[in-house]
2 protein chains.
Amino acid sequence: MITIALDAMGGDHGVGVTVPAALSVLDREPELSLILVGQRDAIDAELKRRRGAESARLRVHHASEVVGMDEPPADALRRKKDSSMRVAIDLVKRGDAAAAVSAGNTGALMATSRFVLKTLPGIDRPAICTTLPTTHGHVHMLDLGANVDCSPEQLVQFAIMGSILVGAVEGKPNPRVGLLNIGEEDIKGNEIVKRTAELLRAAPVNYAGYAEGDEIYTGDLDVIVCDGFVGNVALKTSEGLARMITQFIREEFKRNIFTKLSALLALPALKAFRKRVDPRRYNGASLVGLNGTVIKSHGGADKLAFEHAILEALAEAKKEVPQRIGQALAAMAANKEETA
Amino acid sequence: MITIALDAMGGDHGVGVTVPAALSVLDREPELSLILVGQRDAIDAELKRRRGAESARLRVHHASEVVGMDEPPADALRRKKDSSMRVAIDLVKRGDAAAAVSAGNTGALMATSRFVLKTLPGIDRPAICTTLPTTHGHVHMLDLGANVDCSPEQLVQFAIMGSILVGAVEGKPNPRVGLLNIGEEDIKGNEIVKRTAELLRAAPVNYAGYAEGDEIYTGDLDVIVCDGFVGNVALKTSEGLARMITQFIREEFKRNIFTKLSALLALPALKAFRKRVDPRRYNGASLVGLNGTVIKSHGGADKLAFEHAILEALAEAKKEVPQRIGQALAAMAANKEETA
């Protein structure tokens, strides 16, 4: 049995999404046990509405406060020691849960996770890692916004963490790691990227060289490493482009009676297409580099999306990703001492 | 009459694309005159094949050498003084052409343009600016790869150049300028972005604040400013995602006999959609900040795409964009001296 703590109050929809998602995942995952952390009244009312109840595999853990979606992380950390977010992470720290999931604000979740769980030895700062669909399957990309400026050493840590995450969760040996860069001839990358490439050649990862932006979606890489500024821009740019494309398709099919009819007939293909790129199926970013598994759900996640975040937490907790990363880093450190 | 010099040999397809594109645009633009620069034999043969010929509005200017698509810019600049790319830019320098268009390698084109035309007073380095479709129309984004690391002062120069370009070519007063940034609460941007925002508030542009990646496509901005590394990654990421989405749509419609039939019926809508996001219609990036107009076409451009690059050159040459940027910078400098 694996126990996961859910910040039931987090996200734009709070218990309206987290509770039904929890009930749905519990139905399908017999080895999962969930702790709903948050205001007991609100959670109980929602459980009742959804015809759910506490059970051996579902319990409510009261936490009186809620971190606001726009609340400065420092405030959340200092003042809200009984927030649903904080208490869910405390449960991981105490070993009462193997992972925490929150749709709350990213900054507060990152700050609280670092403060409570601490980073693994050898990791300067945690990174945010997510999965994205590709023409070949999918790829893990990090960092997505936790670290604006990164040193080459940090980028190498991201490469190692990403490799271990993919190796553990997907059982993929030697995941191919690409370093995000630009391809213009005379200006191939900045100094940090160049130095990172040198370090990656000597690091215990399967380094596949530079990747340009388009290779995120069309390359054959398993892990893409970049600093949080670039990663966040790439991710958000993709979200915007996907939204625009969806809107354009909808508009074209609504243009006249003929296109409207053709849309009806095209529905199965269009639906299958939408499913393949549905961002809800990729919801659940990992905060890697911590002494514990913390999954960040999109704030606007609906039930399906939040279910995927819980499943991501389950997969990582099952494979003990933080422990594996810790072991790899310890082995690396020992190796360095030996050769030194 | 406006004269534009075309690097007839540049790009993956050389004269096979540049010559027919030239003939096609000349047919439609009575006030345009073109100079095809490159190896006379190759150009003449292609002209013959396309039933074109030299005329009052189309002449061939022989240049013996060709810059390779992978040739280091420094080599192209030093060794190939009679390349089609170099000679086309020389024609702009001498005032024989109002603009140059090349599908040759970006690094060489940028290095040669800077060397021959020089940057405008007050501009440290030129930037690459392109147009992208948005849900509202389109947006100009710069820099896209010419400047890997940018100072706040350079980013402000990009904002001014982008504003003037949009104002001149589109006749839009007070274009809205956004500064690309990430939105996480505690880590809002790096120091350079923050300092740039301060400077932009005092600059002679209509600064609309930070823009996240998704606002490139869904925002209501006219200009988006970022450093060349981030801009290049955003652009290439978009290209990759668009390719993946197109592939997925095609695959879903090919899945079985029913979806294949529905694709036939959906063809008008799908075609209209593809036209709206067709990257060929957005081909032609401006190298802004130079004493002259230089347009970079995608290396893989086909006839339609290269035509759009020529039309972009025509639009910018008509509106004398470099002169306008020069005037704006001079006014700014005078203003600064007055207040100092």
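Chain A is divided into domain 1 (2-123 + 289-339) and domain 2 (127-279), with bounds that come from an automatic or database domain assignment. The model is predicted, and local features need pLDDT of at least 70, side-chain atom pairs count only at pLDDT 80 or more, and totals for chains, interfaces and linings use all residues. Residues are numbered from 1 along each chain as its sequence is written, while chains are lettered from A and ligands numbered from 1 in the order in which they are written.

Taken over C-alpha atoms, the centres of domain 1 and domain 2 of chain A are separated by 24 Å. Between these domains, 13 residues of domain 1 of chain A are in contact with 12 residues of domain 2 of chain A (contact: C-beta atoms, placed from the backbone, within 7 Å). On the side of domain 1 of chain A that touches domain 2 of chain A, two or more residues each come from α5 (106-117), α11 (303-318) and α12 (321-339) of chain A. Helices are DSSP runs (H or I, at least four residues), numbered from the N terminus. α12(A) gives the most to this side, with five residues. By class, this side of domain 1 of chain A has seven nonpolar, two polar and four charged residues (nonpolar: Ala, Val, Leu, Ile, Met, Phe, Trp, Tyr, Cys and Pro; charged: Asp, Glu, Lys and Arg; polar: the others, Gly among them).

Between the chains, 59 residues of chain A are in contact with 59 residues of chain B. The elements of chain A that give two or more residues to the side touching chain B are α5, α8 (215-218), α9 (228-253) and α10 (257-277). The largest share of this side, 21 residues, comes from α9(A). By class, the side of chain A that touches chain B has 29 nonpolar, 17 polar and 13 charged residues.

Technical notes: Contact = placed C-beta atoms within 7 Å.
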